[in-house]
Structures are given as C-alpha cells and as structure tokens.
Amino acid sequence: MVSQTVELLKKEIPLEQESVVLAEDTVNGLVLVDIINGFCTVGAGNLAPRESNSQIRGMINESARLARVFCEKKLPVMAFLDSHHPNKPEDPYPPHCIIGSDESNLVPELRWLENEPNVTIRRKECFDGYLGSIEEDGSNVFVDWVKKNKITTLLVVGVCTDICVLDFVCSTMSAKNRGFLKPLENVVVYSRGCATFNIPLEEATNTKGALAHPQEFMHHVGLYMAKERGAKIANEVLIGSPEKV
C-alpha cells in the first residue's frame with residue numbers, strides 16, 4: 001500500500017532532478033547536516049534507526065565520499081551536529097542527541113573530519129542550521145563562513161531530508177534572496193546524499209505521541225519542497241567536467 005501511495009505521489013508531484021557540475025573556477029562549499037550517531041547509527045538513541053536502513057547507509061557513503069573530495073581539494077566544509085541540553089525538549093520528539101553524548105557526534109565514517117583544517121563544525125540546538133548558527137551577539141557562524149570563503153555554490157547533504165535539511169535550505173534560500181549571503185548564487189541538494197527516517201502508520205498508531213513518517217514518501221516531499229524554494233535537486237554531482245564526484 002505504501003509503495004502504491006509513493007508512486008501516486010511521484011506522479012502527482014513529479015520531481016525533476018539534474019546532473020550538477022561544480023565549476024572549479026569558483027568556490028564550492030559542502031554542508032553536512034546532522035550525520036551523527038543519534039540519527040544514523042543503529043540503536044544509538046531514541047531517534048536512531050532500529051535496524052540497518054539502505055537509504056541511510058547510502059546517504060552516509062555518498063556524504064563521506066563527497067567530504068573526501070572536498071577535503072582533498074581543500075574546499076570549505078561545514079558540519080552541523082544536532083546537540084541538545086537535557087532540560088530543553090524539542091517537541092514533538094523525545095530526548096535525543098544530548099550534548100556530551102556519543103549520539104551528538106559524527107558517525108564513525110565521518111569522525112576524521114574533526115581533524116581537517118578546512119572543516120568547520122557547528123553544534124546546534126534546533127532543527128535549522130541557519131538559525132542554529134546565530135551567536136548571542138547576533139552574528140551568524142554560517143553566514144560568516146560563506147562570506148569568508150567567498151562560496152558561490154553550496155552542496156547540501158544529510159538528514160533528515162524533510163526536516164533539518166529542508167529547514168536549513170529554506171532559511172538559506174531566503175537569506176540568499178535578501179542578499180545576506182553574497183556571493184552565494186546556488187544551493188544544490190544532492191538527493192542520494194540525503195535520507196530520512198521511517199515510522200510506518202501501524203507503528204505510529206501504537207506509540208503514544210508518534211507521527212507516521214513513511215520514509216520514501218517524506219524523502220520525496222522534502223526534496224520537492226526544497227526545489228519549490230529555489231534549490232537545485234541533483235541526482236548526480238560532477239566537479240569540473242567530466243570528472244564525477
């Protein structure tokens with residue numbers, strides 16, 4: 001039934017994806033959204049997958065591969081890590097990714113990023129990495145990162161496609177359109193580098209406070225809404241031509 005619904009959704013709101021070439025004569029930046037144990041490692045916490053999941057595994061592999069390429073080329077990388085204080089709930093979700101716990105750390109496949117000089121790591125207490133980058137003095141770590149590195153194209157990967165990735169993309173597109181992120185011109189969401197979680201209807205019905213969240217359905221909706229905001233949706237990423245990333 002779910003697969004039939006997903007196919008119907010894709011017919012009603014078809015998502016055209018593209019092959020995106022990242023030109024080497026401009027600065028490209030990579031943003032990794034919440035690729036941490038609490039969302040990606042089996043059994044790591046309340047919001048972690050309960051069993052191995054192919055969409056999440058694929059997202060980790062693609063993100064790690066891209067991160068290697070960006071670091072080899074010494075291009076700027078920013079990693080957002082969901083990190084919450086235990087006394088500040090994030091409704092409607094149960095406690096997750098508490099600061100100081102391994103839940104809020106990068107997955108093992110990406111822990112090496114912590115030692116890379118071109119990588120900026122930002123812990124955030126909210127869904128949206130853009131808002132989560134605001135400091136007490138009103139400055140914004142993400143905005144400063146874009147401007148300092150003169151980034152013209154931003155490549156976005158991570159979890160969850162329809163929540164933290166989408167929220168970050170929406171805020172970034174609005175800020176770009178207001179002229180707050182010059183010289184940023186393009187925001188690209190790489191579909192194979194994104195993933196979301198799966199809660200079937202029957203499981204949500206039997207779990208107090210849970211919301212149904214069919215994975216393929218919500219992944220498609222998240223990408224579609226990001227495109228509605230003006231982001232490019234890529235199913236292939238090339239750097240220069242014709243080298244495939």
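Reader: Let me start with a single residue. Is Arg-122 buried or exposed?

Author: Arg-122 is buried, with a relative accessible area of 13%. The cut-off for buried is under 20%, so 13% puts Arg-122 in that class. Please keep in mind that this is a predicted model.

Reader: Which side chain does Arg-122 meet in a salt bridge?

Author: The general idea first: side chains of opposite charge can pair when their charged atoms come close. Here Arg-122 forms a salt bridge with Glu-135, at 3.4 Å from N to O. Arg-122 belongs to strand β4 (residues 119–124), while Glu-135 sits in the loop between β4 and α4 (141–149), so the bridge ties together parts that are 13 residues apart in sequence. Glu-135 is partly exposed, at a relative accessible area of 33%.

Reader: How many salt bridges does the structure hold?

Author: There are nine. One of them pairs the side chains of Arg-111 and Glu-114, with 2.9 Å from N to O. Arg-111 counts as partly exposed at 32% relative accessibility, and Glu-114 counts as partly exposed at 37%.

Reader: And what does Glu-62 pair with?

Author: The side chain of Glu-62 meets that of Arg-192 in a salt bridge, 3.5 Å from N to O. This pair links distant parts of the chain: Glu-62 is in helix α3 (residues 54–72) and Arg-192 in strand β6 (residues 186–195), 130 residues apart. Glu-62 counts as buried at 11% relative accessibility, whereas Arg-192, at 40%, counts as partly exposed.

Reader: Now the strands, please. In what order do they stand in the sheet?

Author: The open sheet has seven strands in the order β1-β7-β6-β5-β2-β3-β4, with parallel pairing. β1 and β4 are the edge strands, each pairing on one side only. Direction ignored, neighbouring strands of this sheet are turned by 35° against each other on average.

Reader: How many bridges pair β1 with β7?

Author: Strand β1 (residues 18–22) pairs with strand β7 (residues 232–239) over five bridges, in the parallel sense. To see the pairing, look at Val-20, which stands opposite Val-237 in β7. On to β6: three bridges join β6 to β7, and these two run parallel. Tyr-190 has Ala-234 in β7 as its bridge partner. Further across the sheet, strand β2 (residues 27–33) is joined by four bridges to strand β3 (residues 77–82), again with the two running parallel. There, Leu-30 stands opposite Val-77 in β3.

Reader: Which strands does α7 touch?

Author: Helix α7 packs on the sheet and touches β6 and β7, and its direction makes about 175° with that of β6.

Reader: And at what angle do α5 and α7 pack?

Author: Two packed helices are described by the angle between their axes and the distance between the axes. Helix α5 (residues 161–177) and helix α7 (residues 215–228) pack at about 10°, with axes 9 Å apart. The cut-off for roughly parallel is under 35 degrees, which means that α5 is roughly parallel to α7. Thr-161, Asp-162, Leu-166 and Val-169 are the α5 residues in this contact, meeting Met-218, His-219, Gly-222, Leu-223, Met-225 and Ala-226 in α7. By type, the residues of the contact divide into six nonpolar, three polar and one charged.

Reader: I noticed a histidine there. Is His-219 buried or exposed?

Author: His-219, in helix α7, is buried, with a relative accessible area of 10%. Leaving out residues up to four places away in sequence, His-219 touches Gln-55, Thr-161, Ser-191, Cys-194, Ala-195 and Thr-196.

Technical notes:
Residues numbered from 1 in each chain as written. Predicted model: local features only at pLDDT ≥ 70, side-chain atom pairs only at ≥ 80, totals over all residues. Heavy atoms only, no water. Axes fitted to C-alpha atoms, helices over the stretch in contact; angles between N-to-C directions. Parallel < 35°, antiparallel > 145°, perpendicular 65-115°, else oblique. Contact = heavy atoms within 4.5 Å. Nonpolar A, V, L, I, M, F, W, Y, C, P; charged D, E, K, R; others polar. Salt bridge = Lys/Arg side-chain N within 4 Å of Asp/Glu carboxyl O. Buried < 20%, exposed > 50% of the residue type's maximum accessible area, 1.4 Å probe, protein only. Pairing = 2+ DSSP bridges.
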